[in-house]
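Trainee: I am new to this structure. Could we go through part of it together?
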Amino acid sequence: MNKIFKRTAGSLLVLLVLGGTAGYLKLRSSGHPQIDGEMKLVGLTAPVKVLRDELGIPYIFASNTPDLLRAQGFVTAQNRLMQMELFRATWRGELSASLGAETLPSDIRMRVLGIHRNGERHAEKLSAESRAYFQYYVDGINAYIKSYPDEHPIELKAVGLVPQAWRVADLVALVHFVHYTHSTNFKAEVVAQKLIDHLGMEKAREIFPLTVNPDWKTPPAPPSTSTQATQLNLAWSDLNIAPETLNHQGLGSNNWAVGPSRSQSGKVMVANDPHLDNRILPGTWHPVGLFTPDIQAIGAALPGMPGIMVGRTRHVAFGVTNAYGDVQDLYVETLDPANKDNYMDGSKSVPFTVINESIRIKDKSAPGGFREQALKIRYTKRGPVITDHAGLGPTGDKLLVLRSTDAEVLKPQIGIEGMLTAASAKDFDKEVQKIDLMMFNFVFGDDQGAIAHRATGAVPIRSGADGGFPRLPPADGSDDWTGFIPKDQMPGMYNPERSWVGTANHDTRPENFPWYYTNYVSPNYRYTRIGQVLGTAKKMTVDDHWKLMHDNRNLQSDALRPALIAALENDAANKDLADILKKWDGNDDAEQAAPLVYQALYRQVVIATFSDELGEDVAKDMLSTWYFWQQRFDTLIANPDSIWFDDVRTKDRHETLADVIRKAAPLARAEIEAAQGKDSTQWRWGKAHTVRFVSPLRRNGAGQELLGGFSVERSGSGETVNRGVYDFQKPYESNFFASMQVIMDFGDKDKIEAAMAGGVNERHFQPHQNDMAKLWAQNQRRPWWFAPDKVEANAKNRQTLIP
């Protein structure tokens with residue numbers, strides 16, 4: 001897709017070069033949305049006022065909720081129509097019709113997963129109330145598309161996407177797409193299977209993910225060994241839904257809330273910084289203010305979803321992180337040896353359900369400029385076959401099938417419909433418990449002083465093995481998903497004595513939680529650090545929460561750094577590395593050399609630890625999935641004589657952690673010197689650890705800056721509250737970071753304070769494409785107005801939508 005975008009960006013740049021000033025002015029004015037005066041929105045029952053502040057944030061004032069949602073759909077389409085159309089083409093598996101064969105793997109993936117089909121089926125099951133809620137928003141999108149074609153983004157036309165009418169099923173499919181982005185467990189299951197294939201179950205379990213909730217007083221017992229595993233000799237290339245990248249860098253977030261006893265205002269304060277790959281401008285979030293006689297809200301929405309997902313209403317403030325509830329299972333199914341069109345369900349031979357589809361592909365060499373590629377999708381009763389070719393396993397009769405709750409849990413509501421009007425934290429808790437398909441950790445508080453946390457999503461209760469690796473179907477043909485964890489017993493807490501709650505993608509299960517919930521969560525470094533600060537805090541201000549969001553203390557380094565120093569301080573060739581680490585305070589600050597030295601050594605040590613047993617390819621797969629191994633590796637460090645540090649290729653000696661470190665040090669040094677030279681006084685973490693914002697039309701090459709792109713050095717790392725995760729195989733540019741930082745104080749009736757790594761408007765050559773990203777890069781925040789009179793006082797543009 002990147003090459004397609006490059007060509008599109010190239011055409012825009014050529015127009016600038018050839019046309020000079022005239023071309024620039026044409027591009028600046030083409031498709032620029034109207035943000036002052038009157039515009040018609042068919043379907044409104046009364047005029048709607050839209051005010052915009054200096055950042056371009058729209059504040060929508062309507063007489064009633066239906067008109068509010070219509071206007072939100074309209075305004076979102078004004079700002080993000082290209083983004084919305086690209087998202088829709090993605091989850092429908094239709095990118096190739098506009099962008100060519102490069103996007104075919106994505107289209108195949110989406111078709112096999114059935115996100116669009118599941119959205120269609122789910123939309124049909126919505127209650128009248130839920131359908132109306134989404135229909136209002138759809139009506140606003142469609143009114144903009146139909147009534148104002150001349151101001152559609154020029155970029156949309158250049159890419160070749162033609163806006164089509166939206167339906168409720170499209171919005172529901174977006175929820176299913178969010179479910180897919182949250183449900184990364186199947187990737188971890190594939191990694192686990194590869195370990196089983198390579199090591200056998202008993203040995204593989206030694207390095208399976210370790211989940212640790214620091215709030216537990218007693219460590220949980222290790223899971224019992226299962227005999228369900230089978231040998232598959234699985235490779236990523238076997239999967240027809242192989243992920244876009246094999247490197248899961250760490251989708252996540254931080255959120256927390258403090259009670260009145262810990263805030264200077266004497267009111268609840270809520271903070272949230274969702275960690276996403278937000279490098280492509282204008283970013284994921286669309287900030288918006290929503291006002292009716294019954295609703296007063298400011299926050300951020302996902303384009304294509306009504307309401308807000310993060311923000312403050314009249315009574316409740318809330319933020320989200322990914323909870324990683326396990327809602328997917330891979331099943332090892334068996335072909336019928338007598339009939340390859342059937343599979344075995346227990347002792348019965350059952351025909352596959354087959355769906356035949358055709359993917360349209362843009363192709364200049366084909367008649368009419370397009371060609372079609374047939375796609376045959378086979379299903380068992382548990383889900384789609386994702387290894388749809390010659391069978392796996394020693395006898396070639398095995399298939400992998402992906403089972404996922406988004407194909408089965410199709411309730412009459414989505415669960416977001418009541419969030420804007422919840423009157424208290426308890427009411428809000430009841431509302432978000434209705435969410436089935438988005439696995440969030442909501443942290444929230446209210447104007448009455450309550451704070452709470454609740455994990456959402458329909459998480460299956462499983463019989464037999466847990467969901468950590470591919471499972472065998474029950475031999476008797478029964479269903480091993482026996483129900484779902486009761487929503488009011490999902491991980492959560494309400495008004496704890498400590499007067500703070502928080503999540504950081506860690507294991508949030510309460511002690512003695514009776515069900516398997518997940519085996520794939522973040523290491524607890526960030527949550528532990530948040531607790532260290534909040535647990536001792538008194539009279540916190542917005543500045544205090546802002547400081548915590550930018551906290552660079554790397555608690556993981558406390559586990560490995562002493563061993564690094566001890567192993568290298570007497571090594572003449574690498575003593576200087578030990579000296580740098582001795583002086584380090586454990587903060588991953590951009591200006592220091594020590595974080596760079598530490599991260600380089602950390603990578604090389606874990607590579608050396610696992611590559612001998614696993615081989616280079618399997619080790620790469622595991623290490624690219626950060627959450628899979630980090631917490632477990634810390635336990636190995638605590639036992640420096642662990643057999644995992646012994647190199648199995650050297651039969652005549654037993655290596656320890658110190659030996660691995662001494663072997664890793666020259667490699668780490670060579671990597672640093674190749675990038676930053678031999679003079680260690682010139683080494684800096686920030687030189688390597690950057691965030692690079694780019695236009696979707698030009699991610700690399702000349703012209704990035706002209707299209708809004710820029711780079712910035714960043715402190716922090718994957719292990720710090722101030723998050724900056726890098727691709728393990730391509731260090732150290734940050735891919736996942738705080739896409740937004742929001743602090744909400746019920747003691748402040750005028751505003752919330754926020755920063756966002758992006759902008760409001762997707763259009764190039766407009767100030768609001770990247771202005772907020774530039775503030776974010778300087779660690780600056782701005783008010784997002786909550787009080788209507790403050791919105792009026794700070795309005796820079798005034799628009800009226802009329803029936």
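Trainee: How many bridges pair β13 with strand β14, and in which sense do they pair?
Mentor: Please keep in mind that this is a predicted model. In it, β13 and β14 (residues 370–380) are paired over 10 bridges, in the antiparallel sense. Within this region, Asn356 stands opposite Lys376 in β14.

Trainee: Which strands form the sheet, and in what order?
Mentor: The open sheet is made of 3 strands, ordered β13-β14-β15, with antiparallel pairing.

Trainee: Why is one side of β13 and of β15 left without a neighbour in the sheet?
Mentor: β13 (353–362) and β15 (383–384) are at the edges and each has a single partner strand, so one side of each has no neighbour in the sheet.

Trainee: What does α4 touch in the sheet?
Mentor: Helix α4 packs on the sheet and touches β13, β14 and β15. The direction of α4 makes about 35 degrees with that of β14.

Trainee: Is α4 mostly covered or mostly uncovered?
Mentor: It is mostly covered, as 9 of the 10 residues in α4 are buried. Among them are Leu104, Ile108, Arg109 and Leu113. Just after the helix, Gly114 has a positive phi of about 75 degrees.

Trainee: Turning to α2, at what angle do α2 and α4 pack?
Mentor: Helix α2 (residues 65–92) packs with α4 (residues 104–113) at about 65 degrees, and their axes are 7 Å apart.

Trainee: Which residues meet there?
Mentor: From α2, Ala89, Thr90, Trp91 and Arg92 meet Ser106, Asp107, Met110 and Arg111 of α4. By class, this contact has 3 nonpolar, 2 polar and 3 charged residues.

Definitions and conventions: Residues numbered from 1 in each chain as written. Predicted model: local features only at pLDDT ≥ 70, side-chain atom pairs only at ≥ 80, totals over all residues. Heavy atoms only, no water. Axes fitted to C-alpha atoms, helices over the stretch in contact; angles between N-to-C directions. Helix = DSSP H or I, 4+ residues; strand = E, 2+ residues; numbered from the N terminus. Contact = heavy atoms within 4.5 Å. Nonpolar A, V, L, I, M, F, W, Y, C, P; charged D, E, K, R; others polar. Pairing = 2+ DSSP bridges. Buried < 20%, exposed > 50% of the residue type's maximum accessible area, 1.4 Å probe, protein only.
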